[in-house]
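Here is a briefing on a single predicted protein model. Please look over the sequence and structure before reading on.

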Amino acid sequence: MRLKISLLKEPKHKELVSCVGWTTADELYSCSDDHQIMKWNLLNGETTQVAKLPDDIYPIDLHWFPRSLSGKKQIQAENFVLTSSDGKFHLISKTGRVEKSVEAHCGAVLAGRWNYEGTALVTVGEDGQIKIWSKSGMLRSTLAQQGTPIYSVAWCPNSEKILYTSGKQLIIKPLQPSAKILQWKAHDGIILKVDWNTVNDLILSAGEECKYKVWDSFGRLLYSSQSHEYPITSVAWAPDGELFAVGSFHTLRLCDKTGWSYALEKPNTGSIFNIAWSTDGTQIAGACGNGHVIFAHVVEQRWVWKNFRITLTKRRTMEVRNVLNDAVDLLEFRDRVIKASLNYGHLVVSTSLQCYIFSIKNWNTPLIFDLKEGTVSLILQAERHFLLVDGGGIYLYSYEGRLISSPKFPGIRTDIINVQTISLSNDTLAIRDKSDEKVIYLFDPLSGKPLGDGKPISHKSEIMEIALDQKGLTNERKIAFIDKSRDLYITSVKRFGKEQKVIKIGTMVHTFAWNDTCNILCGLQETRFTVWYYPNVVYVDKDLLPKTIYEKDASEFSKNPQIVSFIGSQVTIRRADGSLIHISIPPYPALLHEYVNNSKWDDAIRLCRFVKDQTLRACLAAMAVANQDMNTAEIAYASIDETDKVQYISSIKDLPSKESRLAHILLFSGSEQEAETRLLQAGLVYQAIQVNINLYNWERALELAVKHKTHVDTVLAYRQKFLDDFGKKETNQRFLQYAEGLLNRSSSGLANYAVP
């Protein structure tokens with residue numbers, strides 16, 4: 001990935017350009033110390049003067065009023081706020097008319113920013129004050145006051161906090177007066193610029209220290225750059241949070257969200273004081289110290305899947321290369337390419353107006369349909385369908401280009417959905433809610449309606465990342481997620497009636513991914529690369545979980561690596577410096593999954609005997625129990641020396657009725673409640689009572705006996721024997737009451753003296 005620079009021979013402004021801002025993806029406004037507001041049309045290359053400001057107004061910062069993100073067509077920005085050195089901010093229309101000028105600060109107003117809803121404006125100045133204003137320019141509050149100038153300010157994604165600079169410090173201050181303030185020393189020099197992204201919730205900072213840094217919203221340092229030659233005068237996140245740009249003297253840099261640099265350009269610009277990303281995230285504009293406005297297009301993005309590598313060579317051209325035979329195809333588009341995704345044998349490309357669907361079998365005849373709303377911010381693929389996210393909603397399409405559904409839930413904000421907070425499989429769509437980060441909503445992709453009984457998955461702490469498994473039966477669909485403590489959990493998706501348990505399967509997991517061909521999960525835990533060959537084992541035999549895990553030292557991946565993909569038996573990991581590392585895992589677990597899915601138990605046993613790996617045998621044992629094949633389970637458990645379980649499985653096989661065997665398999669998996677329910681439904685009341693006695697659930701055993709008017713004496717006898725063994729006396733009033741009643745009314749027919 002690199003930047004394609006566009007710079008005029010002669011600058012249009014006579015003095016330094018202080019700020020720039022996009023109205024649409026092809027139109028930009030710039031303000032300069034020559035008091036001119038210029039409009040740049042990128043479609044026809046024209047530059048026109050919109051307005052000439054009074055000579056006493058020297059502009060410093062510009063921010064367009066946010067575009068509407070409601071369900072209607074996205075409207076373009078119609079006015080902007082301009083801060084200036086005379087202590088005022090000005091509300092200016094698109095035509096250049098000054099609608100209102102407001103005395104805001106003593107000294108220059110150094111920055112002004114609308115919140116994401118457009119309901120409030122924050123300004124900061126040389127006087128060290130932070131002020132919140134209404135949409136019409138009425139003062140609401142003075143949020144803070146300090147003795148040093150505040151050079152930059154940013155809203156948090158939900159507009160409830162303000163991030164601002166204070167010398168070498170960064171401060172996050174909530175709008176609520178009583179809330180706790182977060183403050184930390186971020187740099188060794190004065191901080192000049194900050195930015196806070198809505199989608200990834202990460203913070204950028206830079207300044208006179210000549211370094212840029214990436215922070216999370218808790219003030220933890222994620223990345224610190226090397227020192228540049230000159231102070232860094234501008235930083236800006238791309239709208240989707242995947243990239244950011246850094247500007248300095250004769251320097252423009254494009255970086256990944258984790259901090260490493262994609263491209264470094266050295267244009268003749270002087271200092272770049274302000275950077276703005278276009279609304280579709282494909283290009284950058286910079287306000288330059290020598291009067292130029294620099295434009296840079298992001299090109300040469302790459303997408304890789306199996307033996308195909310696709311490169312965006314120009315704004316409207318892609319090159320497809322098949323590395324097996326070195327065949328090359330060129331794909332031409334009518335409009336600028338904004339987003340693309342390559343997976344499951346299909347390439348999906350969104351331009352500014354249309355969506356193209358290519359099959360890897362035929363690159364010449366794509367399916368094309370017009371897009372309903374504005375710019376697509378995310379494309380996510382599953383095997384049978386894919387989804388598009390834009391400002392208007394979430395849309396699911398088939399690979400034939402047919403709109404399948406458009407799921408919605410109250411308070412949905414599509415502008416902040418990213419690949420960590422949404423996941424798609426053939427039969428399920430999962431979305432982590434932004435208003436309550438402890439909740440995951442589940443939808444049926446085909447209907448767009450909530451899944452099961454409509455209840456979302458709720459967790460005890462905030463969820464950071466989610467992912468659905470891709471294979472297997474619909475009623476066995478699992479979702480894995482990482483919470484705020486970096487613990488990895490797994491739970492079942494289909495929730496009719498009973499509440500499925502959420503089970504922790506890993507700690508300190510920074511990144512994870514499901515395999516595309518079978519339900520194997522991989523993740524990076526502190527210093528270990530871990531593969532869970534059969535995560536479902538936690539619902540079958542939790543004791544086997546450690547035996548079904550493959551681990552490898554991960555120190556070679558350096559700090560903060562990210563898993564990019566897990567395709568076939570190859571895991572691709574991106575290190576913190578941007579380099580890609582490929583790891584191969586043994587192919588046998590995937591082969592075992594295939595045999596089990598096709599009920600080829602003899603082949604599965606032969607595979608385990610051939611490989612002679614305890615991990616594989618443990619996986620087979622759990623898979624066999626899950627599929628109720630007790631003969632295979634007995635062989636597999638015997639091969640991993642689980643003698644007690646072999647004996648129990650043998651006793652299950654000897655049970656006379658099918659219902660009884662199924663109930664005891666459930667009991668083996670730890671599902672006592674389900675086992676009891678199955679026995680009662682089959683009319684095996686005594687067995688249900690005996691199960692509770694064996695588990696020392698005395699009160700439940702007595703409750704069942706009394707309810708069904710049978711074997712009360714049996715429960716009391718077992719209870720008395722249990723107490724006698726420990727030399728205890730009965731203290732439970734309920735047992736004392738029924739024991740006494742049994743003695744008094746032994747002939748009344750209440751108790752049935754059946755032999756256990």
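H35 is found in the loop between strands β3 (27–32) and β4 (36–41). This is a predicted model: local features need pLDDT of at least 70, side-chain atom pairs count only at pLDDT 80 or more, and totals for chains, interfaces and linings use all residues. Residues are numbered from 1 along each chain as its sequence is written, and side-chain values use heavy atoms, with hydrogens and water left out.

**Loop residues with positive phi**

- Most residues other than glycine have a negative phi.
- H35 has a phi near 70°, a positive value in a residue other than glycine.
- H35 is buried, with a relative accessible area of 8%. (Buried means under 20% relative accessible area, exposed over 50%, partly exposed in between, with a 1.4 Å probe and protein chains only.)
- E526 also has a positive phi, near 40°.
- The loop that holds E526 runs between β50 (521–525) and β51 (528–532).
- E526 counts as exposed, at 55% relative accessibility.

**Whole chain**

- The protein chain has 11 helices and 55 strands. (Helices are DSSP runs of H or I with at least four residues, strands are runs of E with at least two, and both are numbered from the N terminus.)
- Of the 756 residues in the protein chain, 55% count as buried.
- The C-alpha trace spans about 110 × 65 × 45 Å along its principal axes.
- Among contacts between residues at least 6 apart in sequence, 43% join residues at least 24 apart. (Contact means heavy atoms within 4.5 Å.)

**Helix pair α1 and α3**

- Two packed helices are described by the angle between their axes and the distance between the axes.
- Helix α1 (residues 588–597) and helix α3 (residues 614–626) pack at about 20°, with axes 11 Å apart. (Axes are lines fitted to C-alpha atoms, for helices over the stretch in contact, and angles run from 0 to 180 degrees between N-to-C directions.)
- α1 and α3 are therefore roughly parallel to each other. (Angles under 35 degrees count as roughly parallel, over 145 as roughly antiparallel, 65 to 115 as roughly perpendicular and the rest as oblique.)
- Y588, P589, L592, H593 and V596 of α1 meet L616, C619, L620 and M623 of α3.
- The residues of this contact divide into 8 nonpolar, 1 polar and no charged. (Ala, Val, Leu, Ile, Met, Phe, Trp, Tyr, Cys and Pro count as nonpolar, Asp, Glu, Lys and Arg as charged, and the others, Gly among them, as polar.)

**Helix pair α8 and α9**

- The axes of α8 (residues 685–694) and α9 (residues 698–707) come within 8 Å and cross at roughly 165°.
- That makes α8 roughly antiparallel to α9.
- A688, I689, N692 and I693 of α8 make the contact with W698, R700, A701, L704 and A705 of α9.
- The residues of the contact between α8 and α9 divide into 7 nonpolar, 1 polar and 1 charged.

**Two buried residues**

- T511 lies in strand β49 (residues 509–514).
- T511 is buried, at a relative accessible area of 1%.
- A polar atom of the T511 side chain lies 3.2 Å from the backbone nitrogen of I563.
- Beyond neighbours within four places in sequence, T511 is in contact with I482, C522, G523, L524, P561, Q562 and I563.
- R719 is found in helix α10 (residues 712–725).
- R719 is buried, with a relative accessible area of 13%.
- Leaving aside neighbours within four places in sequence, R719 is in contact with W698, E730, N732 and F735.

Terms used: Polar contact = N/O pair within 3.5 Å; in protein donor to acceptor, adjacent residues only side chain to side chain.
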